[in-house]
Amino acid sequence: MRGRIDSQGTLFFAVTLESLIPKDHPLRAIKKKVDGELKSHSAAFTAAYSGTGRPSIPPEQLLKAMVLQALYSIRSENQLCEQIAYNFLYRWFLDMKPEDPVFDRTEFVHNRQRFHESGLVEKFFAGSVFASVQQEAASREHFSVDGTLIQAWASMKSVRPKS
């Protein structure tokens, strides 16, 4: 007998994002290392933000979103936010629940100056790379990246003359 498509959607369903991610997915190991590195910078995050006012998006989520953007070669913060909205793997990596609203690309704009002044991005990525090399999870050998992303992320302020 021919099956039929049930066009009546389920109103509620119970699932955890943890159960959707395969146990051997490579992002699991990366998440563990990234979370450990972020935890070590908790005091710096607290110092960079005011104690009063409206709560912001956690800086940990924004930095982890930047990791996703680099790992998956997502061209823009706009596309990144769009993909977070429908990709459960990304939501799991960012410690978001399925029903959580996705932050807007302007959150990156609003926090970019704060990250620059406090050096949070540099500390986080430098610590992540150092830890990966120490644990032999990364090599000191040649590697390839999408240079267009790096070029897009670079600004004239970051250019320094070579000696």
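Author: In this predicted model, confidence in the protein chain is lowest in helix α9 (residues 147-153), with a mean of 60, and highest in α6, at 96. The confidence score, pLDDT, is given by the predictor for each residue from 0 to 100. Helices are DSSP runs of H or I with at least four residues, numbered from the N terminus.

Reader: What is the mean pLDDT of the protein chain?
Author: The mean is 83, and 80% of the residues reach 70 or more. Where pLDDT is low, the predicted coordinates should not be read in detail.

Reader: Which residues of helix α5 are buried?
Author: In α5 (residues 77-86), Leu80, Cys81 and Ile84 are buried, meaning under 20% relative accessible area, with exposed over 50% and partly exposed in between (1.4 Å probe, protein chains only). They lie on the same side of α5, because they cover an arc of only 95° around the axis, taken from the directions from the helix axis to the C-beta atoms.

Reader: And what is on the face turned away?
Author: That face of α5 carries the exposed residues Glu82 and Tyr86.

Reader: What covers the buried residues of α5?
Author: The cover includes α4 (59-71), α6 (88-93) and α7, where contact means heavy atoms within 4.5 Å.

Reader: Turning to α7, which of its residues are buried?
Author: Glu107, Phe108, Asn111 and Phe115 are the buried residues of α7. After α7 comes Gly119, with a positive phi near 70°.

Reader: How are residues numbered, and which atoms count?
Author: Numbering starts from 1 along each chain as its sequence is written. Side-chain values use heavy atoms, leaving out hydrogens and water, while local features need pLDDT of at least 70, side-chain atom pairs count only at pLDDT 80 or more, and totals for chains, interfaces and linings use all residues.

Notes: Helix = DSSP H or I, 4+ residues; strand = E, 2+ residues; numbered from the N terminus.
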